[in-house]
Amino acid sequence: MSKNKRSTRRGMMAAFMSRIVDRVTRRTSKALAQPSDSEELLSVERKWGMAIDLDLCNGCGACVVSCRSENNVPTSGPEEENKGTTMEWMSLLPHHKEGSGDGELPVELLPMPCFHCENPPCVKVCPVNATYVNEEGLVAQIWDRCIGCRYCTVACPYDRRVFNWKHTDWPETYRNFLNPDVALRPEGVVEKCTFCHHRLRKLKETAALEERPMHDGELETMTACAEACPAVAIVFGDLNDPDSRVSRMTRSPRASRLHEHLGTKPKVSYLAKDRKSR
Amino acid sequence: MKHSAGSVTPLQPLRLPKIGPLGIIVWVVIPLVLIAIGIYAFAQQRLHGDVVTNMRSVGDGGAAWGLYIMFDIFFVGLAATGIAVSTGAHLFRIRDLRPLARIAEFLAVLSLILAGMCVMADQGRPMAALWKLPQFARVMSPFFGSFTLIVGVGVAASLVMLYLGGRGDAAWCARAGGPFSWVYRIWASGYRGTDRELLRHRRARFWLSLTFFPFIVIAYSTLGFVFGTQGGRPGWFGALRAPSMLIVAGISGVGLLLAIAGVLHRYLGAHNAIPVRVFQRLGNVLLILISVFLYLLAVETLTERYAGQTAALRVADAVTFGVYAPAFWTMLALLFVSMGILFVQFLARKALIGWTVIAGLLVNGAAILRRFLVVVPAQTHGHHLDYPAGFYVPGWIEVAVLLGIISIGVLAFVAFMRCFPIVPLHAYYGRMRNVLEPETQGRILLRRVLTTGSMVGGLALGAVGLALSARFGTEPFLDPIVPFSPVIFIAGIVMTIYSAAVYVIVPPG
């Protein structure tokens with residue numbers, strides 16, 4: 001009889017609701033009793049940021065490839081390069097150095113994700129609020145709302161936004177390897193790095209389920225670029241946590257942010273090459 | 001020469017005369033062919049993506065905004081001048097400008113529609129733009145002022161000006177008959193041509209001009225803010241961007257008005273209606289505007305060069321001595337030649353229509369080049385980081401789409417000229433007069449109540465729409481509280497503008 005009852009739609013609903021009520025009651029009583037460390041930590045206001053140590057970076061391009069693969073960014077070849085329609089959320093920008101000597105190359109490569117500025121010019125100009133600062137301080141993008149006016153791409157001082165110039169026909173063999181956690185963007189919208197927000201969400205959910213705080217260790221290599229970096233030059237984390245590695249790197253005397261005078265307050269810091277260590 | 005409203009004067013000289021086979025080819029067939037090519041090119045752009053244009057990613061050596069945005073600014077500039085001429089004629093009672101008021105008003109409506117088309121052609125997802133912009137338009141984005149506000153409100157206000165100014169002539173056209181007499185009858189419905197009615201028209205247009213004149217200056221300045229407020233884009237950032245764009249808008253608008261007026265004067269028998277002194281005075285205005293622009297350009301260039309900031313200097317170098325130098329020096333040459341023509345006429349205290357027309361056309365060429373130099377070099381060279389410098393020239397798709405858009409404008413202008421007096425009839429025949437018309441106190445009260453109600457209601461609606469869209473006092477970057485509240489805001493302003501028409505069309509009793 002009970003089996004029959006459970007198999008009916010009403011029975012299933014009742015069972016589902018009782019489980020939810022049970023869970024909520026258990027959590028509420030627990031919360032009322034004493035807030036756990038994990039909950040306290042989860043409620044802390046986060047400020048996600050990134051630090052890139054140029055002394056460790058060897059310019060291998062693993063970050064670029066992993067970003068492309070993780071976020072379903074269409075591949076670009078010489079044709080796109082020549083046409084100027086390359087799609088890259090993370091790119092390596094050759095940076096010409098002045099006064100370099102001692103056998104050093106006059107050019108260094110800067111890994112360039114979106115800087116998720118605290119005062120983002122791209123967000124200010126968007127006419128339909130398709131790009132916005134989310135509750136975690138990340139500059140997010142609603143693909144479906146973007147009208148493709150490209151105002152954000154011309155407003156970004158770091159040129160870190162890319163327009164989807166053409167429809168991507170994913171080859172059949174590629175389709176099985178696309179990341180199901182990241183939506184495919186339609187043609188005619190602007191794209192950008194999201195600091196692998198989908199991974200962050202997954203990490204938070206896992207931590208919440210296991211009722212523990214997120215550890216700095218797992219955050220450090222949370223983004224695809226940081227995970228792929230063989231030299232551990234890219235570090236992600238919470239800038240509000242003074243003990244996190246990213247915070248410590250950001251406080252280093254070698255650290256600086258690109259074009260701070262523009263008032264954009266980028267959340268990505270670069271650590272210059274350490275000449276003493278050479 | 002005074003005429004009573006009862007007598008109908010032949011309208012032939014007031015409209016575009018019948019055009020021969022060559023005229024049909026030039027004014028009808030060629031624009032139609034260009035429109036067809038433009039539609040094909042736009043279809044290609046939609047089918048294969050914006051990759052078929054020559055626009056490219058900023059930072060990849062390209063310009064993400066190109067020909068479409070250039071001509072959006074150009075058309076909005078023409079519209080701004082059209083509205084300024086029309087409102088100026090009524091506000092400052094400049095009688096010389098009145099014969100040109102209708103051309104200016106129609107040019108404003110048309111240019112704004114063409115500007116809207118250019119913006120839509122530029123969007124990566126035009127259909128989404130048509131749907132999302134009214135739904136989520138953010139007041140804080142300069143795009144709102146430059147597109148939603150100018151195109152939405154500007155078209156409404158210009159239409160009201162055109163409607164009010166054309167009612168008398170529509171009544172005449174309705175009496176003259178013809179295939180479109182039903183349109184004229186609707187346009188002129190309730191019009192009696194009485195002194196009191198003319199007074200009402202004048203009053204309505206005066207107040208409309210008074211409110212609209214500053215509006216167009218502010219609204220057009222937002223187009224300058226689209227570029228001038230971008231601190232991250234060297235070559236764009238600067239306080240002079242908005243005033244300088246306003247002046248160039250004036251130059252291109254006055255230039256085009258002079259060219260059109262010259263053609264009307266010489267070929268369409270409007271020599272009585274548009275006296276030579278109109279050309280003389282507008283020519284002087286153009287001379288002043290060019291001088292002011294050159295001053296602003298000099299100030300801008302000196303500031304950039306003196307400060308010597310790397311990225312800004314890179315843009316300045318590309319413009320003055322680099323890849324964009326031909327455009328820059330051609331622009332200057334065109335301006336100086338026009339200035340020379342106008343200055344000689346100023347010294348001689350007379351205007352030669354042909355030369356004035358040439359000057360008007362040359363400054364428009366210069367204005368187009370100026371738009372190019374504003375929009376493009378800052379994208380290809382204005383990088384704070386070490387991105388490679390690039391270059392942009394429009395591709396055939398963009399050129400074809402643009403020519404199609406311009407052809408729509410040409411066709412519409414020719415059709416309007418063919419169907420309606422492009423120069424107001426009173427400019428030919430003097431003002432129409434009729435007996436004084438008694439109006440009851442009740443009717444006067446009704447008129448006032450309806451007008452005030454429409455105006456106050458419009459203002460209230462606009463304020464509510466603005467509060468709902470802008471979300472004052474909350475986080476700045478959020479959606480409107482109620483979807484489509486930007487439409488409520490614009491509808492409120494449009495309703496306020498239409499109160500001028502309400503004031504005029506309430507029948508006297």
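**Exercise 1.** How many residues of α12(B) are buried, and why can this helix be described as largely enclosed by the rest of the structure?

*Solution.* The model is predicted. Begin with the extent of the helix: α12 of chain B covers residues 353-375, which makes 23 residues. From the first C-alpha to the last, α12 of chain B reaches 33 Å, close to the 33 Å expected at 1.5 Å a residue. Next, consider burial, for which a residue needs 20 or more other C-beta atoms within 10 Å of its own. In α12(B), 17 of the 23 residues are buried, so the helix is largely enclosed by the rest of the structure.

**Exercise 2.** Describe the side of domain 1 of chain B that touches domain 2 of chain B.

*Solution.* The domain assignment places domain 1 of chain B at 17-438 and domain 2 at 449-498. Their centres, taken over C-alpha atoms, are separated by 27 Å. To the contact, domain 1 of chain B gives 13 residues and domain 2 of chain B gives 15 residues. On the domain 1 side, the elements giving two or more residues are α4 (126-136) and α5 (142-176) of chain B. The largest share of this side, six residues, belongs to α5(B). By class, the domain 1 side holds ten nonpolar and three polar residues, with no charged residues.

**Exercise 3.** Determine whether A:Val107 is buried, exposed or partly exposed, and describe its surroundings.

*Solution.* A:Val107 belongs to strand β3 (residues 107-112) of chain A. Because A:Val107 has 13 C-beta neighbours inside 10 Å, it counts as partly exposed. Leaving aside neighbours within four places in sequence, A:Val107 contacts A:Pro94, A:His95, A:His96 and A:Lys97. Finally, 35 Å separate the C-alpha atoms of A:Val107 and A:Trp170, which lie 63 residues apart along the chain.

Conventions:
Residues are numbered from 1 along each chain as its sequence is written. Chains are lettered from A and ligands numbered from 1 in the order in which they are written. This is a predicted model: local features need pLDDT of at least 70, side-chain atom pairs count only at pLDDT 80 or more; totals for chains, interfaces and linings use all residues. Helices (H or I, at least four residues) and strands (E, at least two) are DSSP runs, numbered from the N terminus. The expected span of a helix is 1.5 Å times one less than its number of residues. A residue is buried if 20 or more other C-beta atoms lie within 10 Å of its own, exposed if 12 or fewer, and partly exposed in between; C-beta atoms are placed from the backbone. Domain bounds come from an automatic or database domain assignment. Two residues are in contact if their C-beta atoms, placed from the backbone, lie within 7 Å. Ala, Val, Leu, Ile, Met, Phe, Trp, Tyr, Cys and Pro count as nonpolar, Asp, Glu, Lys and Arg as charged, and the others, Gly among them, as polar.
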